[in-house]
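Take a look at the protein shown below.

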Amino acid sequence: MEENESKSTQEQNQEVTRAAGIVSLAVMGSRLLGLAREIAIFYYFPTKLGAGAFHLAFRIPNFLRDMFGEGILSKAFITTFVATEAEDGEEAAWNLTNRIFNLTCIILLGIILLGIFFAPNIVDLLARDDFDEILNSSEHYGFDTKVELTIYLTQLMFPYLLFVSLAAIAMGLLNSKGRFGIPACASSFFNLSSLIIGVGGYYLFRRYGMHPTTGMAAGVLVGGIAQFLIQVPSMYRVGFRYQPLLSFRDPRVLEVLRLIGPAILGVAAVPINQLTNTWFITSEDEWLPWMQGAYRIMHLPLGIFGVAISTVALPQLAKYANAGETEQFRNALSYALRLMLTVILPASIGLMVLSEPICRLLYERGAFSEADTIETGRVLFVYAFGLCGFSALKIVTDGFYAHKDIRAPVIVSLCGVALNICLNYFFIFREYFFDPRAVVFSTVFTGTLNGGILLMLLRRNVGRLGLWSMAPLTLKILIASAIMGIVCWLTHGIIENDLLGNVGTGPRIVNVFAPIGFSLLTLAVMYKLLKVTEFDDILNIFKRKIHKQ
């Protein structure tokens, strides 16, 4: 009996790994396209002027997207959809989907109208000294200050919130049905659309006397629409049919709303901290673009590995929690954490070692200077410390969501936000460490602390999670990652200092990808020598793919 159960657990772990691999590949494409968009922004717009205005304007609706769309709607919907389908049948689950779709449209349309109307007040609240400066003739286009330009861009991009939130519901629906590839690819269509329209609009809108950042704003809006529409055919294939249903009294709708209300704070520590950080960093010219550039690079491994594992784990955790299978729940959560450590910890160390070369390769051209590269690399170095904490926070929060327990995440998140604001106040306002890295450190520290505290609270609620058994694995990963980091550092130093330098695209590509190649080879050898079984699971997925082909 125990042998069968162990075999079943192993098969489930392999299924999680396989699905996470699919999502990782899809998310990789999306993140790379997002980086390409960021590169285009830095190439065409100076960090002090157009880039700063666009990043602040996009951060406002994007914050609401993180809160309502990715952070809340998909998680609250998945847990309720799984329970509805299991207890009330498939038809009831589809009815719930339609009601949530229609209710979301009504609520978000109201929020969008309010956001457009109050955009001047919101921007004035977030923007500080730097945004009051007068735009020069090359950046003018009818706007006297960066504040006016930021307000204009914010109003253009606010409707993006509706479509990206509908895309989040679609993603939750498809993930609940075991479809992970298309939802993970959907954000690629957002980034691709925003990149093409943004670059094309730079020339088109400028030609007609409109500010060239209008193209980037239009690209964001069209990209949000594309992210939703690309998932519609898959929704149809799994059985969804749209109906104009609406109910404020349906018990399942109320259940979703009960999860959404307090959970807005429960999972929103990172996005809330990002928004509050904005107020502290807009006092200096280039801090916001530097932090946005570093954050975009940090999001590549976070999305490829951390978000992918979290995305795959949530439907499985919700199923076990709803069925009362506590042991299976603990095994699934423990495996997700082990899988996360196996890939995220070495990625974090590699990102620290290559922070400046990566920024130089991606950004240093056009309006982005060498000084911008150095400062963005320093910010990225600090962000890299938070990769494991941010990833663990996502997975552990999903554990609470699966049990429909959101009280603990709410309290912990609120305390984290308060701590982040206090740290930023002492670092920036009192000038104990007046540096953009101080703001990033606050976010990294509070996010990691939140993840650790929630993990302890979850252990108290569901019993032992096998955390002590993870200690030997963590030690093995640390040893392998440390050796990998040394190889990466030595390889980069030899190539840059003794062989090629860092001037020109060719040497910069070699400076980044040659150390990465040697590092991955070193990591693979160390994992095999140290017998890290989670790495074997990952390798087996690739072997099966190759064998099938």
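The report below starts with the whole chain and then visits single places in it.

## Ground rules

This is a predicted model: local features need pLDDT of at least 70, side-chain atom pairs count only at pLDDT 80 or more, and totals for chains, interfaces and linings use all residues. Residues are numbered from 1 along each chain as its sequence is written, and side-chain values use heavy atoms, with hydrogens and water left out.

## The whole chain

The chain has 21 helices and 0 strands. Both are DSSP runs, numbered from the N terminus: helices are H or I with at least four residues, strands are E with at least two.

The chain holds 549 residues, and 58% of them count as buried. Buried means under 20% relative accessible area, exposed means over 50%, and partly exposed lies in between (1.4 Å probe, protein chains only). Now take the contacts with a separation of 6 or more: 83% of them join residues 24 or more positions apart. Contact means heavy atoms within 4.5 Å.

## Two nonpolar cores

A nonpolar core is a set of buried Ala, Val, Leu, Ile, Met, Phe, Trp, Tyr and Cys residues joined through side-chain atoms within 4.5 Å. The largest one has 75 residues. Which of them touch the most other members? They are Ile297, Met298, Leu337, Tyr363 and Tyr383. Look at Leu337: leaving aside neighbours within four places in sequence, Leu337 is in contact with Ala392, Ile395, Val396, Leu455 and Met470.

A second, separate core has 39 residues. Its members include Leu126, Ile151, Ile169 and Val256.

Helix 5 covers residues 146-157, which makes 12 residues. From first C-alpha to last it reaches 16 Å, close to the 16 Å expected at 1.5 Å a residue. The expected span is 1.5 Å times one less than the number of residues. Among the buried residues of helix 5 are Val147, Thr150, Ile151 and Thr154. An α-helix has 3.6 residues a turn, so residues three or four places apart point the same way.

Helix 19 (residues 470-500) has 31 residues. It reaches 42 Å, close to the 45 Å expected. Gly501 follows helix 19, with a positive phi near 75 degrees.

Ser194 is found in helix 7, residues 181-207. Is Ser194 buried or exposed? Ser194 is buried, with a relative accessible area of 0%. A polar atom of its side chain lies 3.0 Å from the backbone oxygen of Asn191. Not counting residues up to four places away in sequence, Ser194 touches Arg37, Met216, Gly219 and Val220. The C-alpha atoms of Ser194 and Leu221 are 7.7 Å apart, though 27 residues separate them along the chain.

Ser187 is also found in helix 7. Ser187 counts as buried because its relative accessible area is 18%. Its C-alpha lies 9.3 Å from that of Leu33, which is 154 residues away along the chain.

Gly224 lies in helix 8 (residues 213-229). Gly224 is buried, at 0% relative accessible area. Leaving out residues up to four places away in sequence, Gly224 touches Tyr160, Phe163, Val164 and Phe190. Gly224 and Ser165 are 59 residues apart in sequence, and 8.8 Å apart from C-alpha to C-alpha.

Tyr160 and Phe190 also belong to an aromatic cluster with Phe54 and Phe58. The whole structure has 11 aromatic pairs. Rings of Phe, Tyr and Trp (its six-membered ring) pair if their centres lie within 6.5 Å; planes under 30 degrees apart count as stacked, over 60 as edge-to-face and the rest as tilted.

## Charged residues

Arg252 lies in helix 10 (residues 251-266). Arg252 is buried, with a relative accessible area of 12%. A polar contact of 2.6 Å joins its side chain to that of Glu87. A polar contact is a pair of N or O atoms within 3.5 Å; within protein, one must be able to donate a hydrogen and the other to accept it, and residues adjacent in sequence count only if both atoms are side-chain atoms.

Arg241 lies over the face of Tyr236, 3.4 Å from the ring centre. A charge sits over a ring if NZ of Lys or CZ of Arg is within 6 Å of the ring centre and within 35 degrees of the ring normal.

Where is Lys531? Lys531 sits in the loop between helix 20 (505-530) and helix 21 (533-548). Lys531 counts as exposed, at 64% relative accessibility. Its phi is positive, near 60 degrees, in a residue other than glycine.
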